[in-house]
Amino acid sequence: MATEHPDQEPAVSAAVEISDDQLVAMLVDRARGNDLKLTGEGGLLQQLTKRVLESALEGEITDHVGFDKHDKASNKRDNTRNGHRSKTVITDVGPVEIQVPRDVAGSFEPQIVRKRQRRLTGVDELVLSLSAKGLTHGEIAAHLAEVYGTEVSKQTISTITDKVMDGMAEWQNRPLDRVYPVLFIDAINVKIRDGHVANRPVYVALAVTADGNRDILGIWAGDGGEGAKYWLHVLTELKNRGVQDVLMLVCDGLKGLPDAVTTVWPKTIVQTCVVHLLRNSFKYSARQDYEKIARALKPVYTAPTEDAAAERFIEFTDAWGKKYPAIVKLWSDAWSEFVPFLAFDVEIRKVICSTNAIESVNARIRKAVRARGHFPNETAALKCIYMALMSLDPTGAGRRRWTMRWKAPLNAFQIAFEGRLDPATH
């Protein structure tokens, strides 16, 4: 009977007890001792990635053929190993050349690095993240080359970002809540080349849920000539996805939208964004009168009642109507959609008299859009905006602040709208 050498047991135990940190330290010390770089081409990280990938592939081929390498049982099998082929894959640590095993039958389908796969998933995620932050395809390619030593073509980057389209379609058609306290609809102008470069509106619908969370319901590209028919299509789509009621809808005087809202959700109150009314007023006034116009209009939109607001507006008209009749007409035309919020208490007034709730979202979209300049088509524009939306608030801190900000208004909505926020009433 064979006996073990007395010195072997401690050696085995010592090997087992080496921690991950100790192993990493040993590898780093060995790399330094051999003047081997930790990062960059030919560095320790690249070599470790190569060995890990090749070891995983060897394990896969062993499972596939049913025996280990050099096993004598291979002589009795129909399918055996058949050498290797070289392949370069792009990884987070740069391009890595690996040896991929083959089998005689040609039936081996590796999973860790699939056939025709040239990039590991980390690279795709990095490209999508950089694209969502507003970098152009050229800037992403330059960044990967500079930081990772990885050459990725603009076409490859476009192919990677195209993968988000399936997710976008699923997101745009997902089921929605039955009721929302407030729905904000706003537009971002995007330059799209369709024969010639022109501004096209892309509409964003952002809702506040009954729990006080932010929920972006969808994005739609318009052609600038939207009316009731267009908005009826959009709102009907939201209703078909589950939205049975919206308490208040805030917008910027979009043509045809109030009529469509009445058709789809008869009880919904349509509120014009007061901030947009003020901004549009300044378009018709001289710059030196901006502050005077703002002070003169403030008593109108801060009035305690609709009647009081009407009186203050008459005073504004007497003071400024002769010099700026276009401002008077602007407010007169929007009056029926301007006054609804005056019937509610201050908690509701603060959150629905403007589209400030959607402005931070729009700012993120504009940043991504400006970096592109213009888009070759509508699909490319929607893809860019979708990725920007999906990268909002990665830490969740914004969501927490948003929820806290909406607690008081939601209590006011619950009282003012007689329990319509309760799903059981629908």
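A residue counts as buried when its relative accessible area is under 20%. By this criterion Glu237 and Arg241 are both buried, and the two residues form a salt bridge whose closest N and O atoms are 3.7 Å apart. The model is predicted. Its chain has 426 residues, of which 44% count as buried, and its secondary structure comprises 19 helices and seven strands.

**Overall organisation**

- The accessible surface of the chain amounts to about 23,500 Å², and carbon and sulfur atoms account for 52% of that area.
- Of the contacts between residues at least 6 apart in sequence, 63% join residues at least 24 apart.

**Nonpolar cores**

- In soluble globular proteins, nonpolar side chains tend to be buried together.
- The largest nonpolar core holds 70 residues, and Ile219, Trp331, Phe338 and Phe413 touch the most other members.
- Helix α17 (residues 378-390) makes the greatest contribution to this core, supplying nine residues.
- A further core of 25 residues lies apart from the largest one and includes Ala205, Leu249, Leu257 and Val264.
- Leaving aside residues up to four places away in sequence, Trp331 is in contact with Leu277, Leu278, Ser281, Leu297, Val300, Tyr301, Phe313 and Phe338.

**Helix α7**

- Val164, Met168, Trp171 and Gln172 are the buried residues named in helix α7 (residues 164-172). They lie on the same side of α7 because they cover an arc of only 90° around the axis.
- Asp166 and Glu170 are exposed and sit on the face of α7 turned away from its buried side.

**Salt bridges**

- The whole structure contains ten salt bridges.
- Arg174 and Asp215 form one of them, with an N to O distance of 2.8 Å. Arg174 is in the loop between α7 and β3 (179-194) and Asp215 is in strand β5 (residues 214-221), so the pair ties together parts that are 41 residues apart in sequence. Both Arg174 and Asp215 are buried.
- Asp289 and Lys323 also form a salt bridge, with their closest N and O atoms 2.8 Å apart. This pair links the loop between α10 (274-283) and α11 (290-301), which holds Asp289, to the loop between α12 (306-320) and α13 (325-333), which holds Lys323, across 34 residues.
- Asp289 counts as buried because its relative accessibility is 3%, whereas Lys323, with a relative accessible area of 51%, is exposed.
- Salt bridges also link Glu311, Arg312 and Glu315 in a network.

**Arg200**

- Arg200 belongs to strand β4 (residues 196-208) and counts as buried because its relative accessibility is 15%.
- A polar atom of the Arg200 side chain lies 2.6 Å from the backbone oxygen of Gly222.
- Beyond residues up to four places away in sequence, Arg200 touches several others, among them Ile188, Asp223 and Glu378.

Notes. Residues are numbered from 1 along each chain as its sequence is written. This is a predicted model: local features need pLDDT of at least 70, side-chain atom pairs count only at pLDDT 80 or more; totals for chains, interfaces and linings use all residues. Side-chain values use heavy atoms; hydrogens and water are left out. Buried means under 20% relative accessible area, exposed over 50%, partly exposed in between (1.4 Å probe, protein chains only). Helices (H or I, at least four residues) and strands (E, at least two) are DSSP runs, numbered from the N terminus. The arc is that of the directions from the helix axis to the C-beta atoms. A nonpolar core is a set of buried Ala, Val, Leu, Ile, Met, Phe, Trp, Tyr and Cys residues joined through side-chain atoms within 4.5 Å. Contact means heavy atoms within 4.5 Å. Accessible areas come from the Shrake-Rupley method with a 1.4 Å probe; for residues, only the protein chains shown count as cover. A polar contact is a pair of N or O atoms within 3.5 Å; within protein, one must be able to donate a hydrogen and the other to accept it, and residues adjacent in sequence count only if both atoms are side-chain atoms. A salt bridge is a side-chain nitrogen of Lys or Arg within 4 Å of a carboxyl oxygen of Asp or Glu.
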